[in-house]
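I opened this structure to look up a few helices, a sheet and some ring pairs. My notes are below.

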Amino acid sequence: MTEDAPLPDPTGLPGVPHPRETARLFGQAAAEAEFLEAFAAGRMHSGWLLTGPRGIGKATLAWRIAGFLLTAPPDAAADGLFGAPPPPATLDPVAGEALHRLRQGLHPGLHVVRRGPNDKGDRISADIRATEVRKLKSFFHLAATDGGRRVVIVDAADEMNVTAANALLKELEEPPARTTLLLVCHQPARLLPTIRSRCRALRLAPLGTADLAAALDQAGIDSAETAAIAALSGGSVGEAVRLIRMDGLRIYADLVGLFDGTGRIDRSRALALAESAAGPKNADRFDLLLDLFDRFLARTARAGLIGPPADQGAPGEARLLARLCPDDRAARAWADLAQRLSDRARHGQAVNLDPASVILDMVFRTEEVARTTLPA
């Protein structure tokens with residue numbers, strides 16, 4: 001990164017529209033309806049915890065709620081001569097100058113808490129620091145003059161360090177009037193229990209294949225293999241984009257292709273796969289390959305309990321998994337392997353072991369289990 005280059009926004013995904021610019025949210029009608037019901041009934045919490053797997057639309061929902069609250073007509077409009085208007089049916093914001101400023105990130109009634117610069121100022125910090133949370137005091141002080149609504153988005157709340165979390169807790173304990181705090185959270189267990197207890201949870205679900213396809217189309221991402229992408233992404237748009245851009249389907253197909261149903265692997269193919277993740281320039285590919293290996297093992301174990309997957313991540317996967325894991329006994333062996341290999345691989349990654357060696361170790365240990373579970 002050059003000295004004059006701006007730091008990237010840690011709340012967005014490169015190459016796709018930012019959540020504040022996303023026109024529609026797919027697959028989360030239940031969460032939207034739950035918020036609207038609370039709003040219409042006058043049971044608005046000051047803190048909302050938007051939870052669910054990464055990449056399924058939590059940040060987009062937070063921005064939709066912010067747009068809804070900050071562009072709606074003043075509450076006094078409900079007391080006109082003709083009585084209160086009907087309750088809103090959607091979170092669609094009201095078009096106008098307020099919405100325009102909101103989508104530019106310039107609305108005075110909105111503040112976003114996110115990871116800021118590190119100590120040197122040359123990179124984004126690995127976590128949200130207390131400095132970023134303490135900016136809320138100035139925001140609340142300056143924003144209190146016009147009496148309008150105020151919205152805070154914390155993206156993502158589970159990225160706060162302990163000091164930042166305690167600073168946010170103080171704001172949740174005594175929130176200013178007409179203020180709504182929206183906490184985007186991928187892993188609620190990482191939050192302070194006191195933060196969770198002061199927020200109302202909105203749980204978002206992974207997207208189905210049709211909703212995932214619609215979301216990718218809206219983002220301008222073209223994929224002809226939506227079913228396979230949905231199967232491997234876990235219904236996450238963010239993960240689907242990662243798979244598409246990093247040729248994840250091909251990597252997964254190569255992984256599946258290592259095993260032909262006999263339990264023995266092609267050593268040359270295994271070495272080629274391992275070496276494709278070697279070197280600093282392939283760090284992202286190494287990380288993706290580890291994730292795909294985890295999914296392969298998990299899908300194999302699941303096949304012994306509920307049968308092979310209906311949606312394949314690669315051609316021939318269902319047939320292979322049915323052979324590798326034919327029953328619940330085999331499922332236990334594969335589940336145990338999945339846990340052991342995941343722990344070993346992540347440790348190896350953390351201490352900078354050679355990526356090719358890590359992958360080969362995983363392949364050979366998988367081969368050992370395959371020989372014990374395949375039918376004679």
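These entries go from the sheet to the helices, then to the rings and one leucine.

**Entry 1**

I worked on a predicted model. I began with the strands. I found an open sheet of five strands, ordered β2-β3-β4-β1-β5, and the pairing is parallel. Which strands stand at the edges? They are β2 (110-113) and β5, and each has a single partner strand, so one side of each has no neighbour in the sheet. From one strand to the next, the twist averages 20 degrees.

I then looked at β1 and β5. They pair in the parallel sense over four bridges. I also noted that T51 stands opposite R203 in β5.

**Entry 2: helix α1**

Next I checked the span of α1. The helix has twelve residues, and its first and last C-alpha atoms are 16 Å apart. That is close to the 16 Å expected at 1.5 Å a residue.

I listed the buried residues of α1: A31, E32, F35, L36, A38 and F39. Looking down the axis, I saw them fall within an arc of 160 degrees, so they line one face of the helix. What do they pack against? The buried residues of α1 pack against β1, α2 and β5 (200-203). On the face turned away from the buried side, I found the exposed residues A29 and A30.

I also looked just past the end of α1. There, G42 takes a positive phi of about 70 degrees.

**Entry 3: helix α10**

I repeated the burial check on α10, residues 248-257. Its buried residues are G248, L249, I251, Y252, L255 and V256. Their arc around the axis is only 160 degrees, which puts them on the same side of α10. I then asked which helices these buried residues pack against. They pack against α8 (226-233), α9 (237-245), α11 (267-275), α12 (283-306) and α13 (317-324).

**Entry 4: aromatic pairs**

I searched the whole structure for aromatic pairs and got five. One of them is F35 with W48, a tilted pair, at 4.8 Å centre to centre and 55 degrees between the planes. This pair links distant parts of the chain. F35 sits in helix α1 (residues 29-40), W48 sits in strand β1 (residues 47-51), and they are 13 residues apart. Are these two buried or exposed? Both F35 and W48 are buried.

I went on to F39 and F68. Their ring centres are 4.9 Å apart and their planes meet at 75 degrees, so I logged the pair as edge-to-face. F39 lies in helix α1 and F68 in helix α2 (residues 58-71), so this pair ties together parts 29 residues apart in sequence. F39 is buried, as is F68.

Ring pairs link Y252, F259 and F296. Y252 is also on my list of buried residues in α10.

**Entry 5: L172**

Last, I looked up L172. I placed it in helix α5, residues 162-173. Why does L172 count as buried? Its relative accessibility is 4%, and the cut-off for buried is under 20%.

I set aside its neighbours within four places in sequence. L172 is then in contact with G47, L181, I195, R198 and C199. I also took a C-alpha to C-alpha distance from L172 to R103. The two are 26 Å apart in space and 69 residues apart in sequence.

Definitions and conventions: Residues numbered from 1 in each chain as written. Predicted model: local features only at pLDDT ≥ 70, side-chain atom pairs only at ≥ 80, totals over all residues. Heavy atoms only, no water. Helix = DSSP H or I, 4+ residues; strand = E, 2+ residues; numbered from the N terminus. Buried < 20%, exposed > 50% of the residue type's maximum accessible area, 1.4 Å probe, protein only. Contact = heavy atoms within 4.5 Å. Phe/Tyr/Trp six-rings, centres within 6.5 Å; stacked < 30°, edge-to-face > 60°. Expected span 1.5 Å × (residues − 1). Arc of directions from axis to C-beta. Pairing = 2+ DSSP bridges. Axes fitted to C-alpha atoms, helices over the stretch in contact; angles between N-to-C directions.
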